[in-house]
Amino acid sequence: LKEIMTSFTDTLCSGSHDLLEAVRPYIRPQGVEALPASCMIVCADVTSLYPSIPIDFGLSVIKALVERHLSYTLNKKDQSFILRLLEWVLRNNYFSFEDKVYLQLQGTAMGTPVAVVYAQLVLTVHDRKCLDTHSPLVYKRYIDDLFIIVNQDDKNLNPSAITDTFNSLHPSLQLSAITVGLSGVFLDFEFHLKPSTSYPDEFDL
């Protein structure tokens, strides 16, 4: 499944380096891309991502991705095996607490090795919808954390529109801790938008 993630490098962020590469064109004085003075930084978190992914929904997303991106390297039998193995893992998350054994009925256990890749890929549906509908200037996601730069002057790019689109795709997968403003914290960085001293009506990042 990790192979599929290479198809989503425009949105997926593997760490601080990826984020810096995404915003580098806007960092003055070296950056050459303009940030209109109407821009805002949006940061958000997907609430309780791992246990919130409905199994049937997650499997349907992964099935579509496997068929679309692995059809040239895997035959139908191997594709089916991967999907059946994933389903077995997701439907057999047992844990014990106070001498009782429980079966997790929704989401994936955070301790299972496939959890990170699975969660990352499931949310690519949300990423793609936000990009196709709104085309933000910057859109990066690190597992369940989002960093977006939008231009408020464009009705199609206003902060509430893009977060509403994300939240509309599944009731169990919702954004929380949403911040909108001239600054935002993401991974190891705190970003600030400040009026440019060299370019009128623009921000420096």
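So, the salt-bridge network: Asp56, Glu87 and Arg91 are linked in one, where a salt bridge is a side-chain nitrogen of Lys or Arg within 4 Å of a carboxyl oxygen of Asp or Glu. This is a predicted model, with local features needing pLDDT of at least 70, side-chain atom pairs counting only at pLDDT 80 or more, and totals for chains, interfaces and linings using all residues. Residues are numbered from 1 along each chain as its sequence is written, and side-chain values use heavy atoms, leaving out hydrogens and water.

Glu87 and Arg91 pair with their closest N and O atoms 2.9 Å apart. They sit four residues apart in helix 5 (residues 76-91), so about one helical turn separates them; helices here are DSSP runs of H or I, at least four residues, strands are E runs of at least two, and both are numbered from the N terminus. Glu87 is partly exposed at 30% relative accessibility, and Arg91 is too, at 34%. For the cut-offs, buried means under 20% relative accessible area, exposed over 50%, and partly exposed in between, with a 1.4 Å probe and protein chains only.

Now, what about Asp127 and Arg141, buried or exposed? Both are buried, and they form a salt bridge at 2.7 Å between the closest N and O atoms. Asp127 lies in helix 7 and Arg141 in strand 5 (residues 138-142), so this pair ties together parts 14 residues apart in sequence.

Then there's Glu21 with Arg24, a salt bridge at 2.9 Å, N to O. Glu21 is partly exposed at 39%, and so is Arg24 at 44%. Across the whole structure, the search finds six salt bridges.
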